[in-house]
Amino acid sequence: MNHPAPPHLTRVPGILYGGDYNPEQWPEEVWAEDARLMRKAGVTMVTVGVFSWARLQPGPDSWDFDWLDRLLDLLHAHGVAVDLATATASPPAWLVRAHPDILPVTADGVRLEFGSRQHYCPSSPHYRSAALRLTQALAERYADHPALALWHIHNEYGDHVTECFCPRSAAHFRDWLRDRYGTVDALNHAWGTAFWSQHYRTLDEIEPPRTAPGPVNPTQLLDWRRFCSDALLALHRAERDVLAQLSPDTPATTNFMSMLKPLDYWTWAQHEDLVSDDAYPDPADPHAHVTASLNYDLMRSLKGGKPWLLLEQAPSAVSWRPVNVPKKPGLQRLWSLQALARGADGIMYFQWRASRAGAEKYHSALLPHRGTRARGWQETVRFGADLARLGELAGSRVTADVAIVLDWHSWWALEADDHPSARMRWPDLLRPWYTALHARRTTITFVPPDAELDGYRAVLAPNLHLLRPEHAQRITAYVHGGGHFVCGPFSGVVDGHDHIHDGGAPGPLRTALGLSVDEFWPVPDAQTVRLTSGAEATLWTEWIVPEDAETVDTYASGPLAGRPAVTRNTHGSGTAWYVSCHLGHDIGAVLDRALTAAGVRPLLDAPEGVEATVRTGAHGTYLFLLNHGDRPTSTPLAGAYAAGGTDLLTGQPAHGHVHLEPLGAAVVRVHPDPQGERT
Ligand code: GLA
């Protein structure tokens with residue numbers, strides 16, 4: 001499908017506002033009140049039908065669309081558009097009893113029971129045909145309904161169930177391997193089956209990596225992860241194809257789950273008309289806004305910077321953590337503005353009206369149990385009014401001149417068992433790098449390993465454990481062309497089959513980095529290693545041997561004392577830095593040096609805790625300032641923003657300094673810069 005995305009994600013103008021609406025949980029009299037209150041709150045779109053399968057299709061050959069007809073008509077009459085779900089994420093009891101093979105099986109052979117949701121095997125033909133039949137029925141009936149603005153395919157692929165080990169999945173896996181390798185010889189080579197007598201005579205002898213006596217073949221596991229992402233994607237594409245055929249004029253999306261390990265979202269995003277995300281930062285985590293920012297940058301990056309949609313978040317507490325802390329007054333507003341600051345064109349929630357029964361009855365909602373008297377409702381109405389003032393932002397873009405390479409295949413390979421250290425986890429390696437950039441007010445974009453890198457002032461790879469030679473070549477060419485590259489430890493170790501590169505790490509990055517790794521030297525838990533600069537490493541160090549690279553920092557304690565820790569290799573005006581240890585937050589000093597040399601300037605100087613980003617669009621340039629701290633702040637408008645502007649949230653001029661209360665925010669439409677300083 002190829003829908004014109006800008007200036008709006010859907011045909012609905014402005015910034016989308018709304019949430020999941022589950023009217024089947026309520027008597028019909030309540031719907032009229034819902035529609036009236038939605039209007040009062042400024043809601044422009046609701047997601048309907050996500051878990052409605054049993055209601056829409058009460059039996060194999062009976063359908064009940066009347067209620068949905070009435071609901072869509074009602075919403076339309078109140079000016080509320082609909083993101084209509086294909087309703088396929090929770091197959092009804094009658095379907096799984098008729099075809100028990102729909103239920104997924106764990107690696108230990110346990111078949112998961114009906115009684116929750118997402119109880120389906122991605123490879124089940126019975127599930128697939130029933131899901132497509134339902135999708136078709138909905139598309140035929142509602143493609144031309146005037147309320148329809150967006151199709152919501154399935155729900156959170158990869159939530160609860162990401163893999164199934166039943167015989168049908170095993171057969172599907174073998175088909176996938178046949179496509180990938182063609183012959184059993186090619187597979188034997190790729191999987192390194194000479195090891196532990198794992199040789200296969202035919203592809204038919206292969207099974208999924210079920211629970212085994214000891215460590216399972218790592219390439220088998222890596223291929224299994226690739227297969228599981230592809231198997232769910234095949235289901236998604238099948239639904240999408242039905243919609244593309246029957247409802248070609250309405251965009252379709254499925255709600256991603258932020259930076260989720262099981263699904264390779266680079267591949268998935270190619271099949272989305274627009275990227276949408278479900279994000280649940282934890283109010284109890286003081287750094288939650290940094291993680292959220294990272295996820296939002298990823299969502300924006302997945303489609304090359306196009307606006308995306310925050311399709312679900314909690315208005316206050318969730319119900320699925322061990323302790324579910326609510327959002328204090330003003331926090332949901334601030335965190336929602338943060339998504340806008342990072343390129344979202346819609347702010348939606350789970351859910352509209354709080355459920356009275358079921359597993360999520362303690363989950364917050366835009367309309368809480370206490371109704372319009374509740375604090376939450378006041379915030380719902382207030383934020384709707386805020387968004388109404390920000391409509392001109394729709395379609396504007398966030399840009400970045402620093403890229404971070406993210407490769408799901410590398411992530412999967414990195415976190416396999418039987419490595420030098422089990423502590424090397426991609427999110428933990430990435431987070432300190434991202435946090436340092438966030439604190440420096442340097443916006444980044446994520447890129448896949450095969451990305452065109454030339455347009456970036458700096459490219460960062462906190463970890464690229466699995467690195468294909470052709471991807472390394474791009475990095476090398478980038479550095480030779482004058483680019484600035486910073487690489488984290490345990491990178492360039494294995495190839496696409498998870499085999500150690502010839503000569504060891506950093507494999508195909510050896511020329512770019514100008515060094516080789518003699519031995520990995522993980523750090524025991526709770527120990528630290530000092531560097532000459534004063535920085536401290538945990539988790540990981542390496543014995544590296546510089547060849548062309550110069551040493552920038554040296555280990556000052558531990559078994560590697562006196563040996564190089566951080567290096568820099570120069571190629572003309574290009575540089576390639578290697579950080580051979582896990583520096584945690586001390587990575588900030590290295591990044592600051594590398595980025596300053598690369599000519600990357602922070603967006604502006606602001607007090608600690610103030611996040612700053614810029615969106616630029618047809619109607620202007622917008623500076624977002626968000627105070628995540630618990631003290632009032634004052635941010636000087638300098639440099640490109642010295643001319644000040646108008647705060648769209650208040651309608652007041654913003655000049656000199658922007659004062660923000662704790663959890664306060666400003667969205668300044670910046671006056672054109674007389675000196676033309678802004679780039
Ligand atoms: C996910 C699901 C929703 C709901 C929320 C609760 O995002 O998509 O159906 O369960 O979590 O936080």
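Here is a quick tour of this protein, from its overall build down to a few charged residues. Keep in mind that you're looking at a predicted model. The protein has 17 helices and 27 strands. Its radius of gyration is 26 Å, close to the 26 Å that the globule rule gives for 679 residues, so the protein is as compact as a globular protein of that length.

**The whole protein**

- Picture a box of roughly 75 × 75 × 45 Å along the principal axes, and you have the space that the C-alpha atoms fill.
- Of the 679 residues, 58% count as buried.
- Take the contacts with a separation of 6 or more: 71% of them come from residues 24 or more positions apart.
- The accessible surface comes to about 26300 Å², and carbon and sulfur atoms account for 51% of that.
- There are 58 positive and 77 negative charges, and their mean positions are 5 Å apart.

**Salt bridges**

- Side chains of opposite charge can pair when their charged atoms come close.
- This structure holds 34 salt bridges.
- One of them joins Lys 261 and Glu 415, at 2.8 Å from N to O. Lys 261 sits in the loop between β6 and α9, and Glu 415 in the loop between α13 and α14, so the pair ties together parts that are 154 residues apart in sequence. Both Lys 261 and Glu 415 are buried.
- Another links Arg 333 with Asp 386, with the closest N and O atoms 2.5 Å apart. Arg 333 belongs to helix α11 and Asp 386 to helix α12, so this pair connects parts 53 residues apart in sequence. Arg 333 and Asp 386 are both buried.
- Glu 207 and Arg 210 also meet in a salt bridge, at 2.9 Å from N to O. Glu 207 counts as partly exposed because its relative accessibility is 32%, and Arg 210 is partly exposed too, at 28%.
- You'll also find a network of salt bridges linking Asp 297, Arg 300, Arg 342 and Glu 611.

**A charge without a partner**

- Glu 542 is part of strand β17, which covers residues 540-546.
- Glu 542 is buried yet has no salt bridge, and the nearest side chain of opposite charge, Arg 563, is 11 Å away.
- So what does Glu 542 touch, leaving aside residues up to four places away in sequence? Its contacts include Phe 490, Trp 521, Tyr 555 and Tyr 578.

- Thr 250 lies in the loop between α8 and β5.
- With a relative accessible area of 8%, Thr 250 is buried.
- From Thr 250 to Arg 631 is 381 residues in sequence and 45 Å in space, C-alpha to C-alpha.

Conventions. Residues numbered from 1 in each chain as written. Predicted model: local features only at pLDDT ≥ 70, side-chain atom pairs only at ≥ 80, totals over all residues. Heavy atoms only, no water. Helix = DSSP H or I, 4+ residues; strand = E, 2+ residues; numbered from the N terminus. Rg over C-alpha atoms; globule rule 2.2 N^0.38 Å. Buried < 20%, exposed > 50% of the residue type's maximum accessible area, 1.4 Å probe, protein only. Contact = heavy atoms within 4.5 Å. Areas by Shrake-Rupley, 256 points an atom, 1.4 Å probe, with all protein chains shown as cover. Lys, Arg positive; Asp, Glu negative; His and termini not counted. Charge placed at Lys NZ, Arg CZ, Asp CG, Glu CD. Salt bridge = Lys/Arg side-chain N within 4 Å of Asp/Glu carboxyl O.
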